[in-house]
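Look at the structure first, then read the points below it.

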Amino acid sequence: MLTTGPRGTKDILPDLSSHWRYIESIARDICNRSVYQEIRTPIFEHTELFLRGIGETTDIVEKEMYTFIDRGKRSITLRPENTAAVVRSYLEHKLYADLQPSKLYYIGPMFRYDRPQAGRYRQFHQFGVEAIGAKGPVIDAEIISLAVLFFRKLGLNELMLYINSVGCPKCRPVYRTQLKDFFHEKLSFLCEDCQSRFERNPMRILDCKNDKCAEISNNAPHMVESLCEDCSTHFSQLKQLLTAAQIDYIINPRLVRGLDYYTKTAFEIQYPPLGAQSAVCGGGRYDGLVAECGGQPTPGIGFAIGLERVLLALEKQKLLPEVNTAIDVFVAPLIGAAQAMAFGLLVKLREQGVTCDMDYMERSLKAQMKYANKYPAKYVALIGEDEIAQGKVMFKNMATGEQQLTDSKDIIRMIKEGMEK
Ligand code: ATP
Ligand code: MG
């Protein structure tokens with residue numbers, strides 16, 4: 001127990017944390033350039049927020065939340081996703097009073113009691129963006145373009161972008177009735193989950209992963225054929241915008257969100273080489289969510305990308321950059337008495353922006369040189385008895401093998417000159 005983490009969690013060890021920084025830096029870069037600002041909300045929220053903001057008939061709320069009563073007897077939930085929290089924050093801090101839309105992004109851990117397997121964990125990380133306050137299709141296309149750009153920048157090319165429109169509370173009831181008519185006599189062939197979805201949320205039958213349900217759903221009527229004029233125009237404009245940006249898409253009529261506050265655009269990005277867990281991004285419009293959370297009716301759209309799956313894809317395609325462990329200087333005290341001088345030099349070098357390390361283990365000269373080569377270090381600053389006596393260090397260039405007794409203040413100059421070469 002004490003030496004194993006909880007099921008579904010993973011440690012990100014030092015040799016992999018640079019991969020995380022790499023993908024995070026690409027995400028931040030794209031957001032900065034597209035003028036999306038970072039928002040950091042708490043890891044836990046009132047449970048009520050997710051009941052409202054995700055919906056009580058969803059898998060997340062029904063089966064996957066980490067919910068507990070805190071010592072103040074409040075019901076608290078570790079965030080299973082972040083849109084609801086961003087909307088909460090938008091309302092709490094009146095971001096709607098700023099110039100609209102509010103264009104926000106986040107990167108952080110999410111928590112779901114999922115069945116752990118490759119690409120599916122109980123603590124996982126999402127990079128997400130939300131644009132709140134704009135209703136036109138340009139912002140939908142921009143949001144989709146950010147996700148596509150992120151994957152392209154990472155070098156992942158075999159992506160499939162699926163889009164659909166789930167309509168709005170005006171046109172959806174008609175579709176829902178059509179769908180219920182369609183599934184009515186096939187009810188006994190559907191899985192247990194779908195049988196209960198039939199009354200509560202029939203659109204969710206369409207995205208059931210059960211093979212039999214999927215086969216039956218294949219012939220179900222399509223939402224796009226029942227869209228009202230507003231939703232239909234929005235969808236065709238979105239398609240034009242994506243084409244203008246040379247973003248390929250496939251219309252997937254089975255891509256749905258069953259709740260009333262999800263409207264119009266729904267999209268998903270798949271990376272098929274990942275196999276079973278191939279969905280790397282899910283997103284869509286939520287024009288009813290802000291009002292559901294207690295605000296004035298305000299449109300919004302966003303996506304969330306699962307970063308563990310992105311890393312799996314990058315590993316598979318060997319697209320992760322080499323880890324660079326090189327340093328400028330290795331400071332090598334050759335006797336115990338040299339440690340103070342070595343440590344003084346180490347701190348001074350770091351203050352000057354030099355990347356350096358020292359021996360902490362009282363290794364022999366030979367072992368220290370071997371250690372310095374492992375990083376590798378460009379220079380080694382050797383300090384032995386003679387060096388202490390003269391108040392200088394033996395500064396060795398590891399590439400040329402040249403070494404000379406050097407004043408510590410000249411070291412910085414030599415390193416900088418070396419860097420310029
Ligand atoms: P799935 O159908 O795979 O469970 P989802 O519909 O629950 O996905 P979303 O809520 O849309 O997923 O989350 C967006 C993205 O977050 C997913 O496309 C996926 O990349 C990632 N994700 C979701 N759940 C997990 C998890 N348990 N572990 C790792 N990544 C996850
Ligand atoms: Mg899920």
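In helix 1, Tyr-22, Ile-23, Ile-26, Ala-27, Ile-30 and Arg-33 meet Leu-146, Leu-149, Phe-150, Lys-153 and Leu-154 of helix 5. By class, this contact has nine nonpolar, no polar and two charged residues. The model is predicted.

**How the two helices pack**
- Two packed helices are described by the angle between their axes and the distance between those axes.
- Helix 1 covers residues 14–33 and packs against helix 5 at an angle of about 135°. Their axes are 10 Å apart.
- That angle makes helix 1 oblique to helix 5.
- The crossing of helix 1 and helix 5 is right-handed.

**Helix 5 itself**
- Helix 5 has 18 residues, 137–154. At 1.5 Å a residue, these should span 26 Å. The C-alpha atoms at the ends are 26 Å apart, which agrees.
- The buried residues of helix 5 are Pro-137, Ile-139, Asp-140, Ala-141, Ile-143, Ile-144, Leu-146, Ala-147, Val-148, Phe-150, Phe-151 and Leu-154.
- Gly-155 follows helix 5. Its phi is positive, near 95°.

**Arg-197**
- Arg-197 lies in helix 7, which covers residues 192–200.
- Is Arg-197 buried or exposed? Its relative accessible area is 8%, under the 20% cut-off, so Arg-197 is buried.
- Leaving aside neighbours within four places in sequence, Arg-197 is in contact with Asp-59, Pro-202, Arg-204, Ile-205 and Cys-208.

Terms used. Residues numbered from 1 in each chain as written. Chains lettered and ligands numbered in written order. Predicted model: local features only at pLDDT ≥ 70, side-chain atom pairs only at ≥ 80, totals over all residues. Heavy atoms only, no water. Helix = DSSP H or I, 4+ residues; strand = E, 2+ residues; numbered from the N terminus. Expected span 1.5 Å × (residues − 1). Buried < 20%, exposed > 50% of the residue type's maximum accessible area, 1.4 Å probe, protein only. Axes fitted to C-alpha atoms, helices over the stretch in contact; angles between N-to-C directions. Parallel < 35°, antiparallel > 145°, perpendicular 65-115°, else oblique. Left-handed = near helix turned anticlockwise from the far one by under 90°. Contact = heavy atoms within 4.5 Å. Nonpolar A, V, L, I, M, F, W, Y, C, P; charged D, E, K, R; others polar.
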